[in-house]
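Colleague: Please take me through this model. I would like to hear about its spaces, rings and sulfurs.

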Amino acid sequence: MALTQPAACTKWLRDADELKFHVRSTNPATNNRRLSLRPSPKDKALGFPAGTFHYVGLDDTSPQLVARMTGGALSSTTGETINHGGCINFQRGLGDGQTLQFSFFFGNIARFPPAADTDWTLKPSSGGLELHHNQPAGSKGGFALCKANFDLDSGPRYDLTYFWSDGKPAKLDGCELVTIVSTQA
């Protein structure tokens, strides 16, 4: 079994180990909340079977995100999303010409090539392992929680996005910068 955690960690993480993810934030409303997987309401409208994509965020009505890390790829072990791969996908440029924002979702890799995104890493941190995504050298990146403005029938929620910038990141309106921390399930 391959190891996916740096040797500096006190406990080795094996590929088969399941991880839970939560938010580290300075905002009491979001700090230490668990991340969830929410089915995309747009699958059929985009020509995909229902259940193809699940978005990551804070949502009290959706199942908790539980995943494994194998060779830099995240693979969900949550309910109906077993073996869905964790990906980021371009969402929008933020108008400054330097900052890009990406959706963070889990997609059914059997239905949606290019298979799995293998650019995820876990880095030791106080209280767990921080989730990072590799990005171009010299750029800055991270996670942001953004208040959702659609599909709110079951109540308010936040979508987790990833951003990177090759300069000073643009202001992310309606979003807060957060750290994602994992612990063993």
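Colleague: How many cavities of 30 Å³ or more are there?

Modeller: This is a predicted model, in which local features need pLDDT of at least 70, side-chain atom pairs count only at pLDDT 80 or more, and totals for chains, interfaces and linings use all residues. Residues are numbered from 1 along each chain as its sequence is written, and side-chain values use heavy atoms, with hydrogens and water left out. On a 1 Å grid over the protein atoms alone, a cavity is a set of points where a 1.4 Å probe fits but cannot get out; a pocket is an open set with protein on both sides within 12 Å along at least five of seven lines; lining residues have an atom within 4 Å of a point. By this rule, the count at 30 Å³ or more is one cavity.

Colleague: What is the volume of the largest cavity?

Modeller: Grid points are joined across faces, edges and corners, and the volume is the space filled by probe spheres set on the points. For the largest cavity that gives about 30 Å³.

Colleague: Which element gives the largest share of the lining of the largest cavity?

Modeller: Strands (E, at least two residues) are DSSP runs, numbered from the N terminus. The lining includes Ser 36, Leu 37, Arg 38, Tyr 55 and Arg 157. Two or more residues come from each of β2 (36-39), β3 and β11. The largest share, three residues, is from β2.

Colleague: How many charged residues are in that lining of the largest cavity?

Modeller: Asp, Glu, Lys and Arg count as charged; Ala, Val, Leu, Ile, Met, Phe, Trp, Tyr, Cys and Pro as nonpolar; the others, Gly among them, as polar. The lining of the largest cavity has three nonpolar and three polar residues, and its charged residues number four.

Colleague: Which residues lie closest to the centre of the second largest pocket?

Modeller: The second largest pocket holds about 230 Å³ of space. Its lining has 17 residues. Closest to the centre are Leu 131, His 132, Gly 141, Gly 142 and Tyr 162.

Colleague: Why is the pair of Phe 53 and Phe 105 classed as it is?

Modeller: Rings of Phe, Tyr and Trp (its six-membered ring) pair if their centres lie within 6.5 Å; planes under 30 degrees apart count as stacked, over 60 as edge-to-face and the rest as tilted. The structure holds seven aromatic pairs. Phe 53 and Phe 105 have ring centres 5.3 Å apart and planes at 80 degrees, so the pair is edge-to-face.

Colleague: Is Phe 105 buried or exposed?

Modeller: Buried means under 20% relative accessible area, exposed over 50%, partly exposed in between (1.4 Å probe, protein chains only). Phe 105 has a relative accessible area of 4%, so the residue is buried.

Colleague: What class of pair do Phe 143 and Tyr 162 form?

Modeller: Phe 143 is buried at 4% relative accessible area, and Tyr 162 is buried at 3%. Ring pairs link both into a cluster with Phe 104, Phe 106 and Trp 120. The centres of Phe 143 and Tyr 162 are 5.1 Å apart and the planes are at 80 degrees, so the pair is edge-to-face.

Colleague: Which handedness does the disulfide of Cys 146 and Cys 175 have?

Modeller: A disulfide is a pair of cysteine sulfur atoms within 2.5 Å. Cys 146 and Cys 175 are joined with S to S at 2.0 Å. The torsion about their S-S bond is about 105 degrees, so the disulfide is right-handed.

Conventions: Helix = DSSP H or I, 4+ residues; strand = E, 2+ residues; numbered from the N terminus.
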